[in-house]
Amino acid sequence: MMRGLYSLLLRILSPLLLGWMALRARRAGGRWSVLGAARFGRYGRAASDPGAIWIHAVSLGETRAAHPLIRALLDRGHRVLLTHLTATGRAEGRRVYAAELADGRLRQDWLPYDFPGATRRFMRHHRPAVGVLIEREVWPNLVHAAGCAGVPLVLASARMSAASLRVTLRLGALLRPAYGALTRTYAQSLADARRLERAGARQVAVSGNFKFDLRLDRERMDRGAGFAARLGRRIVVIASTREGEDAPFVEAIRRELEQRRARGDDSDRPLLFILVPRHPERFDAAAALLRGAGLPHVRRSRLLELGGDGGTAVEACRDAAVILGDTLGEMAWYYACAQVAIVGGSFAPLGGQNFIEASAQGRPVLVGPHTAHFEQAVGDALAAGAIARAADPAQAVRQALRWLDDPAGLNRMGEAARDWVRQHAGAVARVVDGIEDLLARPPRRPPGT
């Protein structure tokens, strides 16, 4: 009943929803295919070979989070169907899995909108053996279509905040059956597991967070470390900043550099900041803020045009106070350049961004007060001495500079960060074992067959 009403409202409101998607696509850039046939489950090509493991990673963050799982499945000889909702997620998948796309081991497609017919056509066309939804992408019609097609669904590296649970419980008649239809749920933490059970999920286990199983990009790390060594400067990276965070960070950088120049205490190894906005549509706005603050800066894209990490790129940074990170897929390079990392998304009420990659590289990390999306990880990392919390961007920048003045303390905190990441690895192996257990079982017969 409720799913039927939901589907009716979805159809009635579809012009507004599609308009919102088109506006989002225009702001973000990239190819979104908002009105493309695949978005409605219509494919002008032959049906896929059945039996792939379907992984849905809605956007850039989920795509990155799913990398260890996808790589483990490919390494074990499985074929993968990877779907997305945003252009940034799709572009990341295309970049990382170019070789697998070329040889047919991995296939990409858009996830259709959650219309009943579109989701049915998606299942009929791709015929996956198992579906894996990353973190929290539970759509009522999608889950229903999977059940009708006999496709077991797994929610992996799942998280649910207290606020999300409240919303889910208010929509219980719609969402509770969707969560209840999941075959298995692998939660990031015990708190997530308890909330997911209250939401209706069954067969819930705590497996941990995929982000701890990341494979570090050693080639990019080596290039970043070499570039930093040639620069000979002390470097702080401010990564994954979100809406409303760039301006206060730029102001904090300006103030600290101005005060240090006035004291004459930044002549030995001058400071350099790397500012990396989370979304490409904000790169130009961040550049405008830097210009307005009078901060000399160079874009990472310009350094790549100059050869990337060689002498010409180093010379281009000679008078820069800031490198603006306006590229995608280079976070390993940015973290390798720096001695300290400040991770954004947590200095405005946005829930925080992934800081685990910085910790895995042994970088002391500062986060802000808003970390609801990573509450378990943040609590554990604080207890382990791997990260610290700052109240606002100004305090974060001041603390980062104090850490730079204490090399021994930096080393201790960096080792604590690496140890903390190693202790929490293993989520991917647990989920892969569960997926292969489902694959070994007799196929589920669709209802009515």
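Colleague: What is the relative accessible area of D217?

Modeller: This is a predicted model, in which local features need pLDDT of at least 70 and side-chain atom pairs count only at pLDDT 80 or more, while totals for chains, interfaces and linings use all residues. Residues are numbered from 1 along each chain as its sequence is written, and side-chain values use heavy atoms, leaving out hydrogens and water. Buried means under 20% relative accessible area, exposed over 50%, and partly exposed in between (1.4 Å probe, protein chains only). D217 is partly exposed, because its relative accessible area is 29%.

Colleague: And which residue forms a salt bridge with D217?

Modeller: A salt bridge is a side-chain nitrogen of Lys or Arg within 4 Å of a carboxyl oxygen of Asp or Glu. Here the closest N and O atoms are 3.1 Å apart, and the residue that pairs with D217 is R220.

Colleague: How many residues apart in sequence are the parts that R299 and D284 tie together?

Modeller: Helices (H or I, at least four residues) and strands (E, at least two) are DSSP runs, numbered from the N terminus. R299 is partly exposed at 24%, whereas D284 is exposed at 52%. Their side chains meet in a salt bridge of 2.8 Å, N to O. R299 lies in strand β10 (residues 297–299) and D284 in helix α12 (residues 283–292), so the pair ties together parts whose separation in sequence is 15 residues.

Colleague: In the salt bridge of E100 with R105, how far apart are the closest N and O atoms?

Modeller: E100 counts as buried, at 6% relative accessibility, while R105 is partly exposed, at 33%. The closest N and O atoms of this salt bridge are separated by 3.5 Å.

Colleague: How many salt bridges does a search of the whole structure find?

Modeller: Beyond pairs, there is a network that links E219, R223, R300, D309 and E330 by salt bridges. Across the whole structure, the number of salt bridges found is 32.

Colleague: How many aromatic pairs are there, and what kind is F249 with F347?

Modeller: Rings of Phe, Tyr and Trp (its six-membered ring) pair if their centres lie within 6.5 Å; planes under 30 degrees apart count as stacked, over 60 as edge-to-face and the rest as tilted. The search finds 10 aromatic pairs. For F249 and F347 the centres are 5.1 Å apart and the planes at 85°, so the pair is edge-to-face.

Colleague: Where do F249 and F347 sit, and how far apart are they in the chain?

Modeller: F249 counts as buried at 0% relative accessibility, and F347 at 12%. F249 is in helix α11 (residues 246–263) and F347 in the loop between β12 (340–343) and α16 (356–360), so this pair links distant parts of the chain, at a separation of 98 residues.

Colleague: Which charged residue sits over the ring of W333?

Modeller: W333 is buried, and so is Y334. A charge sits over a ring if NZ of Lys or CZ of Arg is within 6 Å of the ring centre and within 35 degrees of the ring normal. At 3.6 Å from the ring centre of W333, the charged end belongs to R300.
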